Amino acid sequence: MHVTAIYPGTFDPMTVGHTDVAERASRMFDEVVIGVAASKRKNPFFSLEERVSLATEITAPLGNVSVQPFEGLLMRFAKSIDCRVVIRGLRAISDFDYEVQIAGVNRHLEPSVETVFIAASQDYTFLSSSIVREIARHEGDYSSFVHPVVVDAFQRKYAELGEFGE
Ligand code: COA
């Protein structure tokens, strides 16, 4: 049986923590779709197109990984691409309560889709996209937390905006 898994997130931007989870998932499943959520309520720094394009470049070396944007319910998107598994990364025990709650809701919405948790590598348990954005905004060094294409994207974006944050 060919199993497609979806790894969803806002990926604003994708970090090395996300890449680690995606890489490990790609070894477990026939196909992995990185589902980039529009997440309008989060008011992302990078546009949906930019987030998709960065995730596509970063995961290009992983042969069985592709990237797709989605809006609305994750389970509806998962069904539409005939996906049976949702991957979630767990960084710390603090992620657990929330993730189990969401997994329960998703299972209720679509019982045929299973949620599989992958424990984030020890090195990345503190990492999040907002931490990366915060360091970038203050012109600190975040280069070890992201792929070089993300550093370029921040530089381009701040050049467009004309200034760094306060
Ligand atoms: N490494 C680094 N950072 C990680 C990580 C990892 N392994 N795992 C999670 N994170 C970070 C994320 O980057 C994010 O950082 P940020 O808040 O600074 O941007 C934070 O941890 C929270 O992650 P997460 O809970 O995965 O949020 P998300 O915004 O990335 O993704 C969706 C959430 C898109 C998966 C979820 O909102 C969704 O499914 N939305 C669609 C609507 C829906 O169906 N909801 C569920 C039913 S109610």
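**Close-up views of a predicted model**

A search of the whole structure turns up 9 salt bridges, each being a side-chain nitrogen of Lys or Arg within 4 Å of a carboxyl oxygen of Asp or Glu. This is a predicted model, where local features need pLDDT of at least 70, side-chain atom pairs count only at pLDDT 80 or more, and totals for chains, interfaces and linings use all residues. Residues are numbered from 1 along each chain as its sequence is written, and side-chain values use heavy atoms, with hydrogens and water left out.

**View 1. Asp-12 pairs up with Arg-133.** The closest N and O atoms of this salt bridge are 3.4 Å apart. Asp-12 sits in the loop between strand 1 and helix 1, while Arg-133 belongs to helix 5, so the pair ties together parts that are 121 residues apart in sequence. (Helices, H or I with at least four residues, and strands, E with at least two, are DSSP runs numbered from the N terminus.) Asp-12 is buried, with a relative accessible area of 4%, whereas Arg-133 is partly exposed at 27%. Here buried means under 20% relative accessible area, exposed over 50%, and partly exposed in between, using a 1.4 Å probe and protein chains only.

**View 2. Lys-157 meets Glu-50.** In this salt bridge the closest N and O atoms are 2.9 Å apart. Lys-157 is in helix 6 and Glu-50 in helix 2, so parts that are 107 residues apart in sequence get tied together. Lys-157 is buried, with a relative accessible area of 14%; Glu-50 is partly exposed at 25%.

**View 3. Lys-79 and Glu-110 make another salt bridge.** Their closest N and O atoms are 3.9 Å apart. The two come from distant parts of the chain, 31 residues apart: Lys-79 from helix 3 (residues 74-80), and Glu-110 from the loop between helix 4 (93-109) and strand 5 (114-119). Lys-79 counts as partly exposed at 47% relative accessibility, and Glu-110 as buried at 16%.

**View 4. Arg-51 is buried yet has no salt bridge.** You'll find Arg-51 in helix 2 (residues 48-59). The nearest side chain of opposite charge, Asp-12, is 4.4 Å away (Lys and Arg count as positive, Asp and Glu as negative; His and the chain ends are not counted). A polar atom of the Arg-51 side chain does lie 2.9 Å from the backbone oxygen of Phe-46. Leaving aside neighbours within four places in sequence, Arg-51 is in contact (heavy atoms within 4.5 Å) with residues including Thr-10, Phe-11, Val-36 and Pro-44.

**View 5. Helix 1 runs over residues 16-28.** Its 13 residues reach 19 Å from first C-alpha to last, close to the 18 Å expected at 1.5 Å a residue, where the expected span is 1.5 Å times one less than the number of residues. Among the buried residues of helix 1 are His-18, Asp-20 and Val-21.

**View 6. The largest nonpolar core has 37 residues.** Such a core is a set of buried Ala, Val, Leu, Ile, Met, Phe, Trp, Tyr and Cys residues joined through side-chain atoms within 4.5 Å. Tyr-7, Ile-34, Ile-87, Tyr-142 and Phe-154 touch the most other members. Helix 6 gives the most to this core, with 6 residues. Not counting residues up to four places away in sequence, Tyr-142 touches Val-132, Ile-135, Ala-136, Val-151 and Phe-154.

Definitions and conventions
A polar contact is a pair of N or O atoms within 3.5 Å; within protein, one must be able to donate a hydrogen and the other to accept it, and residues adjacent in sequence count only if both atoms are side-chain atoms.
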